[in-house]
Amino acid sequence: MALAVCNAGDVTAVEPASRDARLRAGVRAGVPFAVAGALLAGSFGVVAQHAGLSQLAVVLMSVIVFAGSAQFTAIAILSQGGTVGAAVGAAALINSRFLPMGVAIGPSLPGGPLRRAAQGQAIVDTSWALASRGDGTFDRWLLFGSTAVQYVGWVAGTLVGALAGNALGNPDTYGLDAVYPAFFVALLLHELRDGRSRAVAALGGAIALALVPIAPPGVPVLAASLAALVGLTSSARGVARERL
């Protein structure tokens, strides 16, 4: 989820003729991601409960946050004995990627800043990509439809996992403890597409490895994530050089 903020108040692209058709198209496009998300959310519900959260807290976290990577990060830190502050800080850093996504989609959303910000809460990675028209504008109804079905899948999967947590016993027995590293490795592999990304990943890993023996739980994750600032600065400089 993200805030879609932009100075432009008007939609820069013409809305599709059929709003309902675009909404339905978004739902259809989002179904495969909703199914995958529900399975992942189920494992999150189980492991989060065994990390010490109540069933209600686990479900409410998915209802309010609705961000898999941020939720997994927070639970991983808490399960290792980290503080709530470290967990929230790490989750916020991971979700900060939605800010530029919100700025990009802002001109395609109608209304004033508050209305665009409210609509921007529908932004998730897959929906943002699906809604892109390829010309810098976005189909907001396709975004809404895709996110809606994914939200239902994520919350439903979390609910099932939370309710089944006690019945399953120790989640390590079923390999659910491997979900955390597997999930983040999958995210990392997707991002390692160029030299800059690989350098940032290596720097973040080095920072974390150096701090794990001496820093409290959660702090190495926060410190390692700062390596992303190096990548952002380098990327911005590259774009500036191309524009000169």
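Two helices, α3 (68-79) and α4 (84-95), each supply at least two residues of the lining of the second largest pocket; helices here are DSSP runs of H or I with at least four residues, numbered from the N terminus. This is a predicted model, in which local features need pLDDT of at least 70 and side-chain atom pairs count only at pLDDT 80 or more, while totals for chains, interfaces and linings use all residues. Residues are numbered from 1 along each chain as its sequence is written, and side-chain values use heavy atoms, leaving out hydrogens and water.

Let's look into the pocket. Its volume is about 230 Å³. (On a 1 Å grid over the protein atoms alone, where a 1.4 Å probe fits, a pocket is an open set with protein on both sides within 12 Å along at least five of seven lines, and lining residues have an atom within 4 Å of a point.) Of the 14 lining residues, Met-61, Val-65, Ala-74, Val-88 and Ala-91 are the closest to the centre of this pocket. The most comes from α4, with 6 residues. By class, the lining has 12 nonpolar, 2 polar and no charged residues.

Now to the helix pair itself. The axes of α3 and α4, lines fitted to C-alpha atoms over the stretch in contact, come within 8 Å and cross at roughly 155°. That makes α3 roughly antiparallel to α4, a term for angles over 145 degrees. In α3, Ser-69, Ala-70, Thr-73, Ala-74, Ile-77 and Leu-78 meet Val-84, Ala-86, Ala-87, Ala-90, Ala-91, Ile-94 and Asn-95 of α4, with contact meaning heavy atoms within 4.5 Å. This contact has 10 nonpolar, 3 polar and no charged residues.

How values were computed: Grid points are joined across faces, edges and corners, and a volume is the space filled by probe spheres set on the points. Ala, Val, Leu, Ile, Met, Phe, Trp, Tyr, Cys and Pro count as nonpolar, Asp, Glu, Lys and Arg as charged, and the others, Gly among them, as polar. Axes are lines fitted to C-alpha atoms, for helices over the stretch in contact, and angles run from 0 to 180 degrees between N-to-C directions. Angles under 35 degrees count as roughly parallel, over 145 as roughly antiparallel, 65 to 115 as roughly perpendicular and the rest as oblique.
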